[in-house]
Amino acid sequence: MSNIVAPQNASNASNASNASNASNASSAPTATGAPFAFRDIGISPDYDAVNAALGAGLSAWSGNQWPAVTPVVKASDSDQYAPLHEIYQMFTVPLPAFTPNHWSPPNYAAAFMGTHPNLVPSPGDTDADGNLVVPAPPVGANVVTELEELVALMEYRPGVMGEAITQAPTIDNYFSGILSFNRYSHPVTTRLVAVALAAATSGAMRFKWHFQRPRPSQVCPALLPPIEPPQHAAYPSGHSTQAHLIAHVLTAIVGARANTDHTAFGSTDAITRNPYFDMAERIARNREVLGLHYRSDSMAGIGLAAEIFSRMEGDADFTAELALARAEWQV
């Protein structure tokens, strides 16, 4: 790169007239067809000369003339000055690749979902057992029962308030806290978590729009949510869908990784716990405690997440990424 030199100045800044500029420019090395390329920044070009160089029927737009737009270089001391695009053709260095690791996880997820819309089910779709992926929400007396439960949960708000508010805008940090991963330590894992968030959001919004279920506090104002309810319908819970889909993805990558043996406490039972699904349930339940969701909203999110993950498992691109993510954890 040391052989590439900058264009020479056409004149000193003190030469204010265009005539003087043109005279000085003529003595400097110039690119073919661009005698106006060599001039000091801050000196207006000679537009008559510019237009003449552009050719008949063309005119220069002033915004393109300051500073000069035709850089010139020479590859070695023996070469003449030439336009940059001509010199570039002499080099054989390939352009750098733009890999998935160059994408931010949210942008990668958006691109992935844009090319894999089949991962998100539609209203009326059924699962492998023939059941509706997201059935219609409860009505009548069942709604009253759910509202009574939400009123009873209000006393637990002080204990979950800080956590629930933090989880409102994003929940992936709670899962990365369990496994301690990030974009730099485990880039593929982070990308797949972002894909899970995007797929869950897309799926939840599709069904929210279909069912248009009002928020609990619209039906029962006495719930008094401590934060403003999101400005979209309640069913299914987006947080529940997101959290449970992330739990599916992380379990597929690293496994449950939580075998709790209670024999040390006098029990003969060994209980296997999955911390990702425990966290997903906690996130969904917090939304109920705040009075933002019915219990059935959360349950519908669980079913929707399971269906989306089932479709992910059948997608070749996702499974290829899944294998790379497992390699990051050496599992």
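**The interior and its surroundings**

Mentor: Among the contacts in the chain with a separation of 6 or more, 73% are between residues 24 or more positions apart, where contact means heavy atoms within 4.5 Å. The model is predicted, so local features need pLDDT of at least 70 and side-chain atom pairs count only at pLDDT 80 or more, while totals for chains, interfaces and linings use all residues. Residues are numbered from 1 along each chain as its sequence is written, and side-chain values use heavy atoms, with hydrogens and water left out.

The part to look at is the largest nonpolar core, which has 47 residues, and in which Phe175, Leu245 and Met312 touch the most other members. Such a core is a set of buried Ala, Val, Leu, Ile, Met, Phe, Trp, Tyr and Cys residues joined through side-chain atoms within 4.5 Å. In soluble globular proteins, nonpolar side chains tend to be buried together. At least two residues of this core come from each of α4 (105-115), α7 (172-179), α8 (187-211), α10, α11, α12 (295-313) and α13 (316-329), and α8 gives the most, with eleven residues. Apart from this core lies another, of nine residues, including Val143, Leu147, Val160 and Val289.

If neighbours within four places in sequence are left aside, Leu245 is in contact with Ala196, Ala199, Ala200, Ala305, Ile308, Phe309 and Met312. His244 sits in helix α10, which covers residues 238-254, and His244 is buried because its relative accessible area is 4%. With the close sequence neighbours again set aside, the contacts of His244 are Phe277, Ala280, Glu281, Ala284, Ile302 and Ala305. The side chain of His244 also reaches the backbone oxygen of Ser240 at 2.8 Å; a polar contact is a pair of N or O atoms within 3.5 Å, where within protein one must be able to donate a hydrogen and the other to accept it, and residues adjacent in sequence count only if both atoms are side-chain atoms.

From there, turn to Ile283, which has its place in helix α11 and counts as buried because its relative accessibility is 0%. Not counting residues up to four places away in sequence, Ile283 touches Gln167, Ile171, Phe175, His239 and Ala243. Ile283 and Glu163 are 120 residues apart in sequence, yet their C-alpha atoms are 8.9 Å apart in space.

Helix α11 has a further partner to consider. Two packed helices are described by the angle between their axes and the distance between the axes. Helix α5 (residues 141-153) and helix α11 (residues 275-289) pack at an angle of about 90 degrees with their axes 8 Å apart, the axes being lines fitted to C-alpha atoms, for helices over the stretch in contact, and the angles running from 0 to 180 degrees between N-to-C directions. That makes α5 roughly perpendicular to α11, since 65 to 115 degrees counts as roughly perpendicular, under 35 as roughly parallel, over 145 as roughly antiparallel and the rest as oblique. Glu149, Leu150 and Leu153 in α5 meet Arg285, Glu288 and Val289 in α11. The residues of this contact divide into three nonpolar, no polar and three charged, where Ala, Val, Leu, Ile, Met, Phe, Trp, Tyr, Cys and Pro count as nonpolar, Asp, Glu, Lys and Arg as charged, and the others, Gly among them, as polar.

Finally, consider Met299, which is found in helix α12 and counts as partly exposed because its relative accessibility is 43%. In the loop between α9 and α10 is Pro236, and the peptide bond from Tyr235 to Pro236 is cis, with omega near 0 degrees.

Technical notes: Helix = DSSP H or I, 4+ residues; strand = E, 2+ residues; numbered from the N terminus. Buried < 20%, exposed > 50% of the residue type's maximum accessible area, 1.4 Å probe, protein only.
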